[in-house]
Amino acid sequence: MMRRALMLVVLGGVCGMTWAGQAGDTLRNVFRSPFDFPILLSANFGELRPNHFHNGLDIKTQGVTGKPIHCIADGYVSRVAVLHGGYGQAIYITHPNGLTSVYGHVVAFSPEVERYVRDYQYANETFVCNLFPEPGRFPVKKGDVIALSGNEGASAGPHLHLELRHSDTQEYIDPMPYFGHLLKDSKAPVASLVGIYPVAGKGVVEGRTRKKLVAVGNLSQPVEAWGEIYTGISAKDYMDGTSNFYGVHSVTLYVDSVEVFRSVTDRVLPDENRMINGFTDYEELIKTRRLVMRSRVLPGNRLRLLHADENGGIVNISEERNYRFRYVLEDNFGNKRTYRFTVRGRKQPVPEYVPESNHILYWDRTNVIHEPGMELVVPRGYVYENAELNTEVKGDSAGISFDYVLDAGDTPLHSYCPLAIGLRHKPLADTTKYYIMQKVGKWQASVGGEYADGWIRTRVRTLGTFTVAVDTIGPRITPLGQGTWRANPRNLRFRVKDGETGIRSYKVYIDGHFVLFGLKKGILVIQDPEKVKRGVPHRAEVTVTDECGNVTRKEYRF
């Protein structure tokens, strides 16, 4: 029986209680803190997230909303955005040094900006807006209060999301060099497991063509391998004064004292964000939610924070000897931890790679996949390496369309790919009611679509099983706490839900006048309760439209 173990030595590294990076006095004086109280982070720049890197610093606000946010430097308001998800409400300040600071999840803007936003929302009868005031309209000075901290949008708790971007390219950059002196960190990153991956058809690990993941605490002897392999590591960083964990700033891999791979998470372009799926082990993320950083640059991955040798991080185990691997993990403060392990070369058969699919998605060309009544286009660069794709046509010919299985396993797509499905039958004359549905087991969801010349066309960013469905049912509207509306207009709320294609738009009128409501986690919440007078009768009319144009209108009196 083949020995299955891995020898690991963990070495503590350099530690520093305060900011010890290259910034020094020069960068620490560029920006001030956005708050007047000592700051702690709940997330750092580059922290690994599903499908993206975290693009800023999440600063705790002592568990509450409403903390005054100070502008970190002179500049002007260049953008104001209000969304249902994402940053919720965000304000962008452009600075003379070529950087733009972004403040997300805020609950309110400064009074003059708040009036500017409200004027637009009421003039256009919309909650969502994305505004770009002219540069001279809202100048700000370093220290001015520009907003109040909140918990808006896709936020799990009160905090400020602070970003720095290059104004011309919108490239996200790590704010830590400017704010690290305000924080304390003496804790080095900590790994939880190491992964060893054979290259398909070119390598094996302990006689198998599957990856081997080994928990850091259970390693003792070398792993045996032959041929081309690469490795990965799962790790987190920690800081003083908080139990939160963070992303690791730098990961460097040495084999026999030669650097073969290095990642430094200090900048990310918007189009690079989803390339995290080529950096991490996407299969492991989907199946276990674990984030493993692979020390390999896939041929189609253009992520600039990855640096590898001429082999892209692949190590050729071609001699029967011990290969010494060494990972060095480092945070922004110079705290390091080193992990050593051994891969022992043992000559063993390497099975030939034989694709088991009826299609191959090539990373370096445009792929056009056809089945009867279906076309999928995967553009060049939308997969990071060649991937197998199995297609299958299912269903009854009497249906609106066939079901199309597009199975690429756990292969991530970089962006949205055109998908078209033809209608076999058209039971409804109104073609706006047709959409493409994606099915995964018992779960199903709309991926949208528009009808033209007998086809429904949309764009998809994940693969699976797709078919055409119809939506003729309007959204549901449910009043919440209706008995308390008369005493307190702040309680005016409605739950809205659509079981087919989702909510496209909504409007609420009180006594025939538009009143602003925000949609927060499926609930319409009044934004300006002072517009509803107390002590007099009112009539509320709520109109909600789904993505297929089905409209529901309800009237309530209170």
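Predicted model: local features only at pLDDT ≥ 70, side-chain atom pairs only at ≥ 80, totals over all residues.
Let me start with residue classes: Ala, Val, Leu, Ile, Met, Phe, Trp, Tyr, Cys and Pro count as nonpolar, Asp, Glu, Lys and Arg as charged, and the others, Gly among them, as polar.

Residues are numbered from 1 along each chain as its sequence is written, and side-chain values use heavy atoms, leaving out hydrogens and water.

Now the pocket. On a 1 Å grid over the protein atoms alone, a pocket is an open set of points with protein on both sides within 12 Å along at least five of seven lines; a cavity is a set where a 1.4 Å probe fits but cannot get out; lining residues have an atom within 4 Å of a point. Points are joined across faces, edges and corners, and a volume is the space filled by probe spheres set on them.

The largest pocket has a volume of about 1500 Å³. It is lined by 42 residues. Nearest its centre lie Ala200, Tyr353, Glu385, Asn386 and Glu388. By class, the lining divides into 20 nonpolar, eight polar and 14 charged residues.

Which element gives the most to this lining? Strand S16 does, with six residues. S16 spans 190-205, and the elements supplying at least two residues each also include strand S18 (223-238) and helix H5 (282-288). Helices (H or I, at least four residues) and strands (E, at least two) are DSSP runs, numbered from the N terminus.

On to the cavities. There are three of 30 Å³ or more. The largest cavity has a volume of about 50 Å³. Its lining has three nonpolar, four polar and two charged residues. Among them are His84, Phe127, Glu152 and Lys520.

Next, single residues. Buried means under 20% relative accessible area, exposed over 50%, and partly exposed in between, with a 1.4 Å probe and protein chains only.

Ser78 is in strand S7, residues 75-82. Ser78 counts as buried because its relative accessibility is 16%. Its side chain makes a polar contact of 2.8 Å with that of Thr94. A polar contact is a pair of N or O atoms within 3.5 Å; within protein, one must be able to donate a hydrogen and the other to accept it, and residues adjacent in sequence count only if both atoms are side-chain atoms.

His249 lies in the loop between strand S19 (245-246) and strand S20 (250-255). Is His249 buried or exposed? Buried, at 16% relative accessibility. A polar contact of 3.5 Å joins its side chain to that of Asn332. Contact in general means heavy atoms within 4.5 Å. Leaving out residues up to four places away in sequence, His249 touches residues including Asp174, Ser263 and Glu330.

His105 has a positive phi of about 70 degrees, although it is not a glycine. Lys521 has a positive phi of about 55 degrees, and it is not a glycine either. Both sit in loops: His105 between strands S9 and S10, Lys521 between strands S43 and S44. His105 is buried at 5%, whereas Lys521 is exposed at 75%.

Last, the cysteines. A disulfide is a pair of cysteine sulfur atoms within 2.5 Å. The whole structure has zero. Cys71 is buried, at 0% relative accessibility. Cys417 is buried, with a relative accessible area of 0%.
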